[in-house]
Amino acid sequence: MRKTVVSDALFERARRLFPGGVNSPVRAFKAVGGTPVFLARGQGARVWDADGNSYLDFLGSWGPLILGHADPDVVAAIESTARRGTSFGASTEREVLLGEAIRAAMPSMERMRFVSSGTEATMSALRVARGYTGRHRFIKIDGGYHGHADALLAAAGSGVATLGLPGSAGVTPGAVQDTIIVPFNDEEAMEAAFAANQIAAVIIEPIPANMGLVPPGLGYLQSVRQKCDAYNALLIFDEVISGFRVGRGGAQTLFGVRPDLTCLGKIVGGGLPLGVFGGQSVIMSEVAPEGPVYQAGTLSGNPLAMAAGLAVLRKLDQAAYDRLDALGRRLEAGIKGALAASGVAAQFQRVGSAFTLFFSAEPVTDFASAKRADTGRYARFFHEMLDRGIYLPPAQLEAGFISLAHQENDIDAFVAASREALATIH
Ligand SMILES: *Cc1c(COP(=O)(O)O)cnc(C)c1O
């Protein structure tokens with residue numbers, strides 16, 4: 001058995017300080033049970049907890065760590081930048097450099113603004129879309145996650161295209177009264193929502209990863225683009241996860257759909273707090289001080305985050321994505337073999353180096369089918385894997401990630417552990 005003495009003691013102290021003992025809810029292991037691990041150190045593909053147990057990390061800080069932990073170039077960039085000052089509240093050259101690198105990778109982001117989290121990026125993009133179109137209502141996908149701004153914390157009501165209900169205590173009905181919820185991969189529901197409302201924008205993860213990983217159906221994103229054009233609404237791609245994960249140009253390049261606004265976070269910050277929103281130049285003209293939509297931040301464009309982001313983007317060439325995809329294919333083949341051998345009904349869903357193993361008999365195409373997955377079985381699988389030194393997302397409806405620090409034998413270790421774990425939970 002893993003030793004957990006130090007983690008358990010730390011968790012006791014943390015519980016006295018932080019709600020649930022954590023500073024972001026899903027870290028508390030509520031969805032899988034047990035005491036969360038306290039991590040002490042990461043290097044490459046591996047993390048060590050406070051008790052000295054080591055794990056191969058397939059969570060990657062929920063997506064940012066595409067180079068793995070403590071990449072030497074990223075660490076060097078942060079160190080040398082920190083020696084010259086960590087924040088100025090004034091413009092620096094690095095903002096221009098990172099902005100230009102992002103625009104070169106994603107030409108739809110003609111102009112942009114840096115913020116400090118994905119939540120700020122989506123919240124601000126939505127505000128810009130409303131300011132630009134002069135409309136209030138927007139369409140959000142059921143089970144899509146865009147951070148924790150009030151208007152975006154809406155849950156689906158009954159029916160196919162529904163007005164949002166507050167998805168959290170403390171969110172007023174007024175805050176979500178202009179949020180229309182439709183299921184993913186459902187063109188008819190989206191058409192109905194457009195027909196019945198004056199829509200400012202659709203905000204969508206082009207490859208949803210917060211209901212587990214769910215690829216878009218053939219032609220779906222194109223159809224969303226067409227509806228936005230037909231109704232003069234803006235298309236906002238939330239690429240906080242997919243940006244720089246599924247390719248240098250994100251999902252918009254992979255699927256050939258150009259959004260009006262894009263939100264980035266996670267990878268682009270190289271493991272430091274960073275978000276970005278941007279898009280068509282004329283739309284970004286709405287943002288203060290050029291336009292009337294207010295948006296600001298003391299630490300926006302933070303030098304350390306700029307340096308880390310630049311260091312990461314420099315290493316993400318086509319060879320890097322080919323390598324990530326090859327590792328992803330190896331994992332997929334191995335897991336599918338392990339599933340077949342075990343007789344456990346499950347779906348391994350993957351785009352490049354992002355994946356979810358759904359304990360479900362049918363493919364998962366939207367939030368309703370995602371919720372039919374067997375979360376109890378996932379919880380048992382998670383703990384069997386953790387005990388075998390494999391660190392996975394501590395919830396069924398989340399995505400795992402492979403990094404460039406993973407080697408073939410790390411993938412094979414994942415598969416070998418899965419064979420044992422699947423036999424145990426069968
Ligand atoms: C993580 C995430 C966010 C929120 O980003 P934070 O940095 O956690 O605020 C928004 N959208 C998507 C798709 C995400 O995965």
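Predicted model: local features only at pLDDT ≥ 70, side-chain atom pairs only at ≥ 80, totals over all residues.

I began with E420 and R388, whose side chains meet in a salt bridge at 2.7 Å, N to O. My rule for a salt bridge is a side-chain nitrogen of Lys or Arg within 4 Å of a carboxyl oxygen of Asp or Glu. E420 lies in helix α14 (residues 408-425) and R388 in the loop between α13 (375-387) and β15 (390-391), so this pair ties together parts that are 32 residues apart in sequence. Helices (H or I, at least four residues) and strands (E, at least two) are DSSP runs, numbered from the N terminus.

Residues are numbered from 1 along each chain as its sequence is written, and side-chain values use heavy atoms, with hydrogens and water left out.

Salt bridges with shared partners join D325, R329, E332, K336 and R350 into one. Within it, E332 and K336 meet at 2.6 Å, N to O. Both sit in helix α11 (residues 318-342), four residues apart, which is about one helical turn. E332 is buried at 18%, whereas K336 is partly exposed at 41%. My salt-bridge count came to 19.

Then I went through the rings. I found 10 aromatic pairs in the whole structure. Rings of Phe, Tyr and Trp (its six-membered ring) pair if their centres lie within 6.5 Å; planes under 30 degrees apart are stacked, over 60 edge-to-face, and the rest tilted. F184 and Y220 have ring centres 5.0 Å apart and planes at 75 degrees, so I logged the pair as edge-to-face. F184 is in the loop between β8 (179-182) and α6 (187-196) and Y220 in helix α7 (residues 220-230), 36 residues apart. Both F184 and Y220 are buried.

Which way do F348 and F355 pair? Their centres are 5.6 Å apart with planes at 20 degrees, so they are stacked. F348 is buried at 7%, and F355 is buried at 4%. Ring pairs link F58, F348, F355 and F414 into a cluster.

Notes:
Buried < 20%, exposed > 50% of the residue type's maximum accessible area, 1.4 Å probe, protein only.
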